[in-house]
Structures are given as structure tokens and as C-alpha cells.
Amino acid sequence: MDAIKRAAAIAQDKHPRVKDQIITYGTAGFRTRADDLDHVMYRMGLLAVLASQSRKATIGVMITASHNPEEDNGVKLIDKLGEMMPLEWENYATQLVNTSDKGIPAVIKSIVEAEKIDLNVKAKVFIARDTRPSSLSLSQAVLQGVQALDGHPFDFGLLTTPQLHYMVCCENTNKNYGEPTEDGYFGKLAAAFLKLQTESGVKRAYSPKVNVDAANGVGASKARQLQNMLGSLLQLNISNDGTQGKLNYRCGADYVKVQQCAPDGLAIENGMRYASFDGDADRVVYFYLDNDNKFHLLDGDKIATLVAAYLQELVTGSGLNLNLGLVQTAYANGSSTNFLTQKMKVPVACVPTGVKYLHHKAQEFDIGVYFEANGHGTVRSLNIQYCKIYLYHLHTILEHFCKLQTVGDAISDLLLVETILAYRGWSAVDWDNMYTDLPNRQLKIKVKDRTVVQTTDAERRVTSPPGLQEEIDRLVSQYKNGRSFVRPSGTEDVVRVYAEAETQEYADRLACEVGQVVYDKAGGVGNKPSVS
């Protein structure tokens, strides 16, 4: 208990909670303005020690705000197999971060009692950060929190978020998943990719050149490290590498997905293949310009269908009776859902937005594929052990294929896509022609309090405020192939609007009209929404 008192004293002296504002641990952990996060980081260091002692395993702490602006930052804990922490630990995090400085001992003791934690167990915590200017000092606050409760911190410095997931998983599986080093990470991915290229073959029509928008984030240097191990089989041309532009500003996967245009910082050529990472490299989307200079987005839905079709072919060829399924969120384009269910006969499940929901549902299938439309996704299996598919009777190519997968990793997902394109001999145009997306538009509506909007049916319908869903239904009925839903953000006071329709003009108009209704009924602030 002396350590708990000491930890509280250090908090009050060096990392005080200076603002009386509530911050909630969500799917992405804590995320807000970097200036407000010092006490949060320190306390997450404390919580990581408790989690390590409770779960008798190494716990990860990642400092990142992913696709958020550079001025923001955030932090999340990584569980023992490189996955997200159980829900009760999200609640503990929220309690600990929002208590007063003097209330820290009581909250820690309540966690110790609830989890029956032996405080004599040695705690080990892996720490890593992205390239934001604030990340270094915030990582030091985490480190001090770990040390305050006599934990043992290991600072990996700059890593992508998926790399830290990988490190934690390796450490807690006695290296059965791989070596918990960057060399181990890159070596595993490169070996699987090169083996697949050899065993499955590369069609002549395939071009191994990919132009990568690294969002001016940590993915730039990591992709270059990988490139050194791939030789001429895959040539990555890295742009937006952080030497000139600002993190996630007019670039990166979120910008390309939401704005549906090419990022700044790239020299765009017709017919070339482009990929965009987000700031911490756990998302990837593709895009290209056709001969008429029209922009085409190949997002998480397109990646999911590409992967699912290839896996279905492998599973069918194996002769095994395996249940392959795909998990989507409401953001999935309606055309992708129709293509998968009607043409490919692949079962599709819809869950609320958030990796924890996708991940859990995917495990209900023998082989589950999940990709959010934003480009975050992976492949999972019930036959999984230590985060890798382990099917003894399936063709070895499937095992190599799944070795490329770590949870939500832009780099491994890029290798996954390139493996399949090489096997098919496809260009970006060929891939895009699998099916045609319905035009869609996303908007963010600023509101006083996002919690006034409540949803059901995997966030596809609104239950509060009264009358909002009825108005959305009325507007949707006026458009051919119309669909729209709204959901509150998990990290900021905005309500997100998604709409799709037969033409882009109609999708834009529907999104704007729904956004205006949200503004009126959910306490909008600032200017009413419009689509330029």
C-alpha cells in the first residue's frame, strides 16, 4: 500500500488533474487535445501495472491519436494477446482518470479488490508512441506512472500501433507468435509475403509498384524498413513521410475516405495504384485515377471483398467444410453487402462501429474476415492460436497468407492486398470492377452533447431524440437506393451522418438533409451542415 500512497503523491505533485472535465475510455482509448492528457497518461501507467499484475502478463500502452489532427493525442492499453482490454478495464480506466488527485488511492484499492490483484506480482509494461510532437513527453508520463507502482517499463520508442500489438502478443506467447522486436515483425511479414509470391505465382499483368501516402506519420519509416527486405517483388514509393507536411493534414486514410479525393503531397498519374495509411498505420485504403481523371476509392469494403473471395477459393479448394463469414458495420457500402451475400454467397453480419465488436463477431466463424469501411481490418479464425490461423489440413498457402495478418495493420494489410492482386494478375481497375459502390457521403454535425443521440440495430437506427428516425426514414424514401444512418462519435461532441444513393448528387443532398434534421433535433451548434 505504500506504493499506492507514493503514486498518488507523485500524481498530485507532478501530474495533477488541472481541469474538471470528464473523459471516457472508448474503443480507441482516451483521445482529446494533447494539452489535457498529462494526468491521463500518468494514471494509465498506473493502470497498466495493475492490469499486468491481474492478468499475469505483459501489457502494452500505446500513445497515439491515429487519424486525429496533430494537436490531439491519446492512449490505449493492449491486452496480453495483442488485443483490446476487456470492458471492465475500460471502466476502470474511466474511473481512475476522472477521479480527483486525492481520490486515486481509493480507486486503485477498489480495482485491486475487484480483480483480486496480488501487488507482489512483477508487472511488465511495453510502451510505444507515434510521431506527434506531444508523444515523447506524454510517454514519459506513462513511464513515470509505471515506475510509481514498481512496474518494469520497456520503452520501444516510435512504433506503429499494430507493431506494439505484435510485440505484446509475442512476449506473452513465449515467442511462439514471433520475436518481440522490429526485426522479428518485419522478418515475419516479409518471409510470408515472399513465400506466397513464390508458391502462388505472380501474373505478368500485375505491376509491383505501389505509391504510399504515409499521412506524415510513423508508417513512413516503417514501410521503408520493410521495403529493404522485399527487393523488387514489391516497390513502395513513400510520400507524405513527415519531412514536410503535417500529420493527417489533407492526407492519410481518413482524409481520402471521407473527402473521396486524392491527398496532397502525391504526384498522381492515371492508372497507377495508390495506398493511404493513417497516422499510426493501423488503417489503409487504396485509390486510383482512371483515364478520365476520375477518382476511385478502394476502401475497407473493397479490401474485404477481395480478401473474402480469395479465401473462399482457398477454402473450397481444400475440401474442408469451413464456415467463412464477413463482418461489417453500418458504414459498409450497400453494394458490397449485396455482392457478398448474393453473388459470393458469403454470410455477412453487421455490428456496431468499433474493432471490439467486429473482432468478437468474427470469432463466431471458422474463418472470419472483418474490415471497417475506413480501412481497419484483418482475418480471424476459431482455429486461431496465438493470433495466427493454424489449419493443419489446409493448403500451406493459407497459413502463409494468414501470417501476414496482425490486428488492424496497414502494412500487413497492404501486403495482403498485393499478394492477391499478384495472384490474380489484377490492376486497381480490375479489382474495382468486382462491383460498383453506391455513391455515398459522410458528414460530422457538431452538437452540444452527443449523448442525446442513442442508437440500436448495430447503430443503423436512432431511438433518441424522439422523431429523428422518422425524419430520416422520410428523407431516405425520397431517393432511389437511398440509405442513411446517424451515430454519435465516441470521442468528440459530434454526430456522424452517413448517406448513400443512386448518384453522388443525391447522396450529397440526402446527407445534407439528414444532417440538418440532426442539427435541429440533437442540439446542433455553429453553422448548419452543407455539402460543397
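Axes are lines fitted to C-alpha atoms, for helices over the stretch in contact, and angles run from 0 to 180 degrees between N-to-C directions. Helices (H or I, at least four residues) and strands (E, at least two) are DSSP runs, numbered from the N terminus. The structure is a predicted model, in which local features need pLDDT of at least 70 and side-chain atom pairs count only at pLDDT 80 or more, while totals for chains, interfaces and linings use all residues. Residues are numbered from 1 along each chain as its sequence is written, and side-chain values use heavy atoms, with hydrogens and water left out.

**Helix packing**

| Helix pair | Axis distance | Angle |
|---|---|---|
| Helix 2 (residues 38–55) and helix 5 (residues 135–148) | within 7 Å | roughly 40 degrees |
| Helix 10 (residues 300–318) and helix 14 (residues 410–424) | 10 Å | about 60 degrees |

Helix 10 is therefore oblique to helix 14; angles under 35 degrees count as roughly parallel, over 145 as roughly antiparallel, 65 to 115 as roughly perpendicular and the rest as oblique. The crossing of this pair, helix 10 and helix 14, is left-handed, a term used if the near helix is turned anticlockwise from the far one by less than a right angle, with right-handed used if clockwise. Contact (heavy atoms within 4.5 Å) is made by Ile303, Leu306, Val307, Ala309, Tyr310 and Glu313 of helix 10 with Leu416, Val417, Ile420, Leu421, Tyr423 and Arg424 of helix 14. These contact residues of helix 10 and helix 14 comprise ten nonpolar, no polar and two charged. In this classification Ala, Val, Leu, Ile, Met, Phe, Trp, Tyr, Cys and Pro are nonpolar, Asp, Glu, Lys and Arg are charged, and the others, Gly among them, are polar.

Helix 2 and helix 5 are likewise described as oblique to each other, and their crossing is right-handed. On the helix 2 side the contact involves Asp38, Met41, Tyr42, Gly45, Leu46 and Val49, which meet Leu138, Ala141, Val142, Gln144, Gly145, Val146 and Ala148 in helix 5. By class, the contact of helix 2 with helix 5 has nine nonpolar, three polar and one charged residues.

Ser135 also belongs to helix 5. Ser135 is buried at 0% relative accessible area, where buried means under 20%, exposed over 50% and partly exposed in between (1.4 Å probe, protein chains only). Leaving aside residues up to four places away in sequence, Ser135 touches Ile63, Asn73, Arg129 and Asp130.

**Annotated binding site**

An unreviewed UniProt entry carries a "binding site" annotation that covers Glu372, Ala373, Asn374, Arg487, Pro488, Ser489, Gly490, Thr491 and Arg496. Pro488 is placed in strand 20 (residues 483–488) and is buried, at 18% relative accessible area. Residues up to four places away in sequence not being counted, Pro488 touches Arg450, Val453, Thr455, Val494 and Val495. Gly490 lies in the loop between strand 20 and strand 21 (494–500) and is partly exposed, with 45% relative accessibility.

**Backbone features**

Most residues other than glycine have a negative phi, and most peptide bonds are trans. The peptide bond from Ser464 to Pro465 is cis, with omega near 5 degrees, and Pro465 lies in the loop between strand 19 (461–464) and helix 16 (468–476). Lys116, which is not a glycine, has a positive phi of about 55 degrees. Lys116 sits in the loop between helix 4 (104–115) and strand 4 (124–129) and is exposed, at 74% relative accessibility. For Asn481, phi is positive, near 60 degrees. Asn481 is found in the loop between helix 16 and strand 20 and is partly exposed, with a relative accessible area of 43%.

Note on methods: UniProt positions renumbered as here; feature names shortened; annotations may be inferred.
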